[in-house]
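Morning, everyone. Please bring the structure up on your screens, and I'll walk you through it.

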Amino acid sequence: MKVSYSSDEERFREEVRKWFEDNTPSDVKDQTLGGSTLEHGLMFKWHKTLYEKGWIVPEFPKELGGAGLSETEQFIFNYEYSHCGAPRLKTKLVSLGMLAPLLLQHGTKEQQDRFIPDMLSGKTIWCQGFSEPNAGSDLASLNLKAVLEGDHFVLNGQKTWTSMADHADWIFLLVRTDSSGKKQEGISFLLADLKTPGITIRPIEALTDHAPFCEVFFDDVRVPKENLVGKMGEGWKLAGALLQHERLNAFPVGELIYAIETVRKNSGKTIYRGKPLIQDPTFRRKLAALEVDCNSLLYTFFRILSQLKIGSAPGPEASFLKVYGSELYRRVMDLNIEVLGPYGQSWYNLEEFDNSIHQATMGWVNSTSLTIWGGSSEIQRTVIATQVLKLPRK
Amino acid sequence: MDFQLSSEHLSLKESVASFVKKDHSFDRLRHLRNDPLGYSKEVWKKMAELGWMGLIYPEEYGGLELDFAFVMVLLEEFGRGLLPEPWISNVLLGGNLVLMGGSESQKHEVLPGVISGDLMITAAYLENDGRYDINFCATSAEQRGDAYFISGKKIFVLDGLSADRFVITARTSESVADKDGITLFMVSSRENGVKLTPLKTMDGRNACILELKDVSVPGSNVIGEVGRGYPLLFEAIDHATAGLCAEMVGGMQASIDLTVAYLSERTQFGKPIGTFQTPQHKAADMFIQKELAVSSVYYAIASIDEKTDERALAVSIAKTKCSSAYMEITKAAVQLFGGIGFTNEGDIGFFLKRAKVSEILFGDTDYHLDRYTRLSGY
């Protein structure tokens with residue numbers, strides 16, 4: 001067993017670390033803890049910078065616009081990316097992170113050629129249309145109807161919690177094409193241009209006072225038949241493959257380490273009763289306990305990486321990374337706001353106080369969502385109980 | 001970065017697992033709880049014959065000279081079955097201190113006996129008013145001529161009742177809580193002035209109070225340098241702690257296996273209680289806690305093998321993580337078993353008690369978090 005990287009890996013890590021240190025603009029970097037609040041213009045600019053460097057989707061093979069990284073290099077890249085304080089890139093999470101791998105596996109050659117290049121350059125922004133008002137954790141109950149009429153599907157219904165829909169160009173959808181049999185079997189996977197007549201988008205204001213997601217309404221929306229991915233009725237299977245991908249990447253551990261390091265740094269600078277807060281016995285006990293948990297999660301990623309190296313990909317057991325990671329991140333955000341003392345109640349006040357105060361309070365509110373989206377903690381625990389521990393379902 | 005076990009590690013795992021299955025059972029534990037020693041000398045001898053006491057020792061003393069991941073694998077399987085034999089105290093504490101600090105003649109005198117299972121040796125370092133601090137040492141060693149005369153009292157000496165020898169800490173200079181001035185001595189349990197008071201621990205194992213009244217020890221029994229015992233003890237206890245953590249992980253896994261089986265069998269309201277979401281989610285939390293604990297142990301073990309500067313930090317992380325995980329898992333397990341969980345007729349309660357003793361052994365969570373803050377430079 002080994003706890004250190006090989007010298008090649010170490011060299012790569014240093015290269016990535018240095019590049020991000022030199023090239024991440026401060027107005028991008030300082031927005032990380034706040035979560036989803038990075039202004040869209042800045043995000044597109046940052047996307048372009050990474051694209052030009054050839055690092056927009058480094059896990060892809062070179063011929064597909066990636067950097068052909070190994071599993072370990074990929075982990076190092078992702079870790080260093082978020083550890084330097086760069087925010088999650090929402091312009092690629094959904095497109096290159098989810099849809100592109102799916103199209104490469106299940107899409108037609110035409111679909112791949114038509115859509116993937118613009119995902120890479122950032123020219124086309126995608127959003128994900130899965131959830132509906134009555135289909136959340138019970139996703140298979142979805143009811144956006146798509147009826148085939150000639151060369152087109154005609155769509156009627158609604159999606160919700162659609163992140164970035166108000167800034168996106170295209171949406172990929174789970175639609176109901178058949179209501180006769182088992183509910184999972186009548187679902188199909190469609191791609192739709194958001195400019196198509198009949199689509200209405202209504203942003204939803206979140207607790208952060210931003211609108212990170214929207215409702216999307218479909219009123220006799222005509223989508224060409226060639227935008228179907230896979231076969232009719234295969235949508236549930238495709239969504240499963242895609243969500244599995246999301247689950248593995250659902251928790252950026254480098255961001256967690258960045259957050260806990262920020263707490264530690266700030267508590268060293270905050271003065272309480274004449275001494276740095278980090279020396280207060282009660283506070284340091286709490287910080288140490290959180291650092292222990294953060295390190296244990298980091299080591300868990302190392303362990304899974306070792307498994308990936310020998311080709312044993314984690315299945316449903318990876319669910320625990322999302323549950324534990326998101327709950328731990330919330331605890332880190334609790335302590336982050338605690339460091340601020342009275343300033344922990346501040347909301348905006350961008351003129352009066354330092355940006356870091358805004359990031360901490362915004363980040364605390366935003367962290368509340370982490371245990372909800374991408375499969376709530378409750379759903380993930382049920383997955384662990386029934387699929388990993390094999391407890392009886394009935 | 002590599003946390004993979006080799007086929008040699010896995011083959012040891014298999015043979016230990018089948019040994020535990022064949023030569024050990026929960027009924028054996030029920031019987032041994034009432035025995036003062038709490039373990040069986042026959043089983044100990046068999047383990048020695050399999051070469052397991054020699055795992056980490058150099059070949060010249062009769063050992064196998066293997067890496068620390070073998071220790072992890074071995075102890076994890078011991079932990080799964082709650083094997084009570086005193087492997088950690090003999091191999092990772094007493095014998096290990098002689099290996100790390102002893103002279104050639106001390107090593108030749110002691111280690112072959114440890115490896116053959118014929119010589120029992122543990123370490124005695126905890127004192128009243130010191131809680132877990134291994135630098136707290138009021139026991140004094142006064143030099144008169146060639147010999148040292150030692151007086152003092154050690155508490156909860158791990159597996160002390162069966163020990164032929166003790167490696168003890170005694171102060172040769174400085175004051176009571178200083179790290180400098182502590183010297184390690186090897187003392188025979190039959191020496192004049194040595195008094196043992198047997199103790200039982202919650203999990204049915206043995207410990208003792210060791211009192212020394214003007215015990216005469218020749219200068220040739222000093223291990224390492226006079227006044228420089230602390231760093232040796234610190235490192236040996238780190239090894240023992242990492243080993244204990246591996247044992248704890250085995251216990252966590254066994255507790256989860258037993259609980260999942262029970263939840264699948266036990267029927268109430270017309271269906272297995274494992275179909276209800278409250279027990280399901282508790283079981284999921286047990287799994288999550290265990291996974292994190294496993295990772296922390298791998299990291300600590302690999303840090304010991306690679307001799308990195310992070311060893312002590314990694315050990316404190318692992319001990320903190322394992323203590324809370326093992327406690328949470330076994331508390332939830334007993335709760336999910338219900339009434340039978342609270343009895344000696346059920347097996348799961350043995351894990352709860354072992355978890356509590358393990359949490360305390362080599363420093364509890366507060367101790368290790370405090371150690372972590374210091375090592376980490378807060």
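Let's begin with contacts in chain A. Take those between residues at least 6 apart in sequence: 72% of them join residues at least 24 apart. Keep in mind that this is a predicted model.

How many of the 394 residues in chain A are buried, as a percentage? The figure is 43%. Now the make-up of the chain. Chain A has 13 helices and ten strands. Its radius of gyration is 22 Å, close to the 21 Å from the globule rule for 394 residues, so chain A is as compact as a globular protein of that length. Along the principal axes, the C-alpha atoms of chain A fill a box of roughly 75 × 50 × 45 Å.

Next, the strands of chain A. Find strand S2, residues 145-149, and strand S3, residues 152-163. These two pair in the antiparallel sense, over five bridges. They make a hairpin, with two residues between the strands. Look at A:Gly150 in that turn: its phi is positive, about 65°. For one facing pair, take A:Lys145, which stands opposite A:Asn156 in S3(A).

S3(A) also pairs with strand S7 of chain A, residues 213-224. That pairing is antiparallel, with ten bridges. Here A:Lys159 stands opposite A:Val216 in S7(A).

Carry on from S7(A). Strand S6 of chain A, residues 199-204, runs antiparallel to S7(A), and six bridges join the two. Within that pairing, A:Ile204 stands opposite A:Phe213.

One helix of chain A deserves a stop. Helix H10 covers residues 281-309, which is 29 residues. What distance does H10(A) reach from its first C-alpha to its last? It reaches 42 Å, close to the 42 Å expected at 1.5 Å a residue. Just after H10(A) comes A:Gly311, with a positive phi of about 80°.

Over to chain B. Let's look at domains 1 and 3. The contact between them takes 22 residues from domain 1 of chain B and 25 residues from domain 3 of chain B.

On the domain 1 side, three helices of chain B each supply at least two residues: H2 (26-32), H4 (68-81) and H5 (87-101). Which of them gives the most? H4(B) does, with ten residues. By class, that domain 1 side has 14 nonpolar, three polar and five charged residues.

Last topic: where the two chains meet. Here 38 residues of chain B are in contact with 36 residues of chain A. Several elements of chain B each supply at least two residues to its side, among them helix H7 (229-265), helix H9 (311-337) and strand S10 (271-272). Helix H8 of chain B (277-306) is also one of these elements. H8(B) gives the most to this side, with 18 residues. By class, the side of chain B that touches chain A has 19 nonpolar, 13 polar and six charged residues.

That's the tour. Questions, please.

Conventions:
Residues numbered from 1 in each chain as written. Chains lettered and ligands numbered in written order. Predicted model: local features only at pLDDT ≥ 70, side-chain atom pairs only at ≥ 80, totals over all residues. Pairing = 2+ DSSP bridges. Helix = DSSP H or I, 4+ residues; strand = E, 2+ residues; numbered from the N terminus. Contact = placed C-beta atoms within 7 Å. Nonpolar A, V, L, I, M, F, W, Y, C, P; charged D, E, K, R; others polar. Expected span 1.5 Å × (residues − 1). Rg over C-alpha atoms; globule rule 2.2 N^0.38 Å. Buried ≥ 20, exposed ≤ 12 C-beta atoms within 10 Å, placed from the backbone.
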